[in-house]
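Take a moment with the model before reading on. The paragraphs below walk through it piece by piece.

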Amino acid sequence: MAATIQDVAKMSGVGVGTVSRVLNGGTNVSKETSAKVLNAIKELNYIPNSLGVKLRTNQNKVFALLIPVINHTFFAELTAYVEKEAQKHGYSILLVCSQQHVEREIEIIDKLNRNEVDGVIFVTHYNHSVEELKNKNIVTIDRHLAGDIPYVSSDNYDSSRKAVEYLIEKGCKNIAYLGSKPFVDSEVLLREKAYLDVINEHNMEPKIHSVIINHGEEQSKVDEFIKMYPDVDGIFVSGASMSLSLYSTLIRNGKKIPEDVQIISYDGFFGGFKDSNDITCIEQPIEEIAKKCIDILLDLINKKEPKKENIIKSKFIVNKTTK
């Protein structure tokens, strides 16, 4: 027989009302009590009646996570952390991969309008109008969308400056930037700006190959970059996938790293890739980004006004691709 809410209350030593408040994301329950209730739910494998929850709260207890692709190191880890954080508050995640399919994003906005999802985390490649997104429970990662929609990001400019300055400190005289531009206004653009600012401050010649691409097209841009700038001795790269393609291509071409060329990558999650832990990188705080996104959606649902700009500090990790 399936466990009931009464079973959960009995095991956790609280009343049914307290269990209900925990399930509905109530804030007037102590962390200790919430932990007992959630533990009982897990042990009993209790499944709440979703229709009942919707009738009581006008919520589905579902957030949508909209990302370009899932087969990308950053987005795969982000998805795992978002789901983990959402579950802590009794929410499930509807995952949507939208690269080259703007209609999928429009469909999610429609679901939000019809109250089929309670909020959306957007990592979009498309611009949407103010009217489409106005007064919606939406938070973005990196992207600047219409109006006052809040966004969460790592400290793109400051950490990128540190990376380029580190290459100079380690003796690089001929430093290039390899990047991919997002399709929309984004904090990611600050990585290229930081590179350019530092290079100009040191009276160096900028060497930039930064274009709008879809995920999965990194190798062709790496090949173009190497033909354009064959003799650079330092490279700052805007993302993990591009960095891995560059690293392996340089090795195949007979370059010694870091003796011939030093590399720093923005993004430090390279799980499962051979030699990937060799790359000096800026490691984004993906778990903290996921948590902040969920916190913002909960604030919006509870009619609280979150900050529009939410910047979280990254970590600089020195590995074998720099001296």
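Contact here means heavy atoms within 4.5 Å. Helices (H or I, at least four residues) and strands (E, at least two) are DSSP runs, numbered from the N terminus. This is a predicted model, in which local features need pLDDT of at least 70, side-chain atom pairs count only at pLDDT 80 or more, and totals for chains, interfaces and linings use all residues. Residues are numbered from 1 along each chain as its sequence is written, and side-chain values use heavy atoms, with hydrogens and water left out.

Start with the whole chain. It holds twelve helices and twelve strands. Its C-alpha trace spans about 70 × 40 × 30 Å along the principal axes. Of the 323 residues, 52% are buried (under 20% relative accessible area; exposed is over 50%, partly exposed in between; 1.4 Å probe, protein chains only). Take the contacts between residues at least 6 apart in sequence: 69% of them join residues at least 24 apart.

Now go to helix α1, residues 5–12. Which of its residues are buried? They are Ile 5, Val 8, Ala 9 and Ser 12. Seen down the axis of α1, they fall within an arc of 100 degrees, so they line one face of the helix. The arc is that of the directions from the helix axis to the C-beta atoms. These buried residues pack against α2 and α3 (31–44). Just after α1, Gly 13 takes a positive phi of about 75 degrees.

Look next at how α1 meets helix α2 (residues 16–23). The two pack at an angle of about 105 degrees, with their axes 8 Å apart. Axes are lines fitted to C-alpha atoms, for helices over the stretch in contact, and angles run from 0 to 180 degrees between N-to-C directions. The pair is therefore roughly perpendicular (65 to 115 degrees; under 35 is roughly parallel, over 145 roughly antiparallel, the rest oblique). From α1 come Ile 5, Gln 6, Val 8, Ala 9 and Ser 12; from α2 come Val 16, Val 19, Ser 20 and Leu 23.

Turn to the sheets. Two strands pair if DSSP finds at least two bridges between them.

Three bridges join it to β3 (residues 119–122), and Ile 121 stands opposite Val 139. Two bridges join β4 to β5 (residues 151–154). There, Thr 140 has Tyr 151 as its bridge partner, and Ile 141 stands opposite Val 152. In a regular strand the side chains alternate between the two faces of the sheet. Both faces of β4 are covered: Ile 138 and Thr 140 are buried on one side, Val 139 and Ile 141 on the other.

Another open sheet of six strands runs β7-β6-β8-β9-β10-β12, and its pairing is mixed. The edge strands are β7 (207–212) and β12 (315–317), each pairing on one side only. The twist averages 15 degrees from one strand to the next. Four bridges join β8 (residues 234–237) to β9 (residues 262–266), which run parallel. Val 237 has Ser 265 in β9 as its bridge partner.

Helices lie across this sheet too. Helix α9 (residues 189–201) lies across β6 (175–181), β7, β8 and β9, at about 160 degrees to β6. Helix α10 (residues 218–228) lies across β6, β7 and β8, at about 155 degrees to β7.
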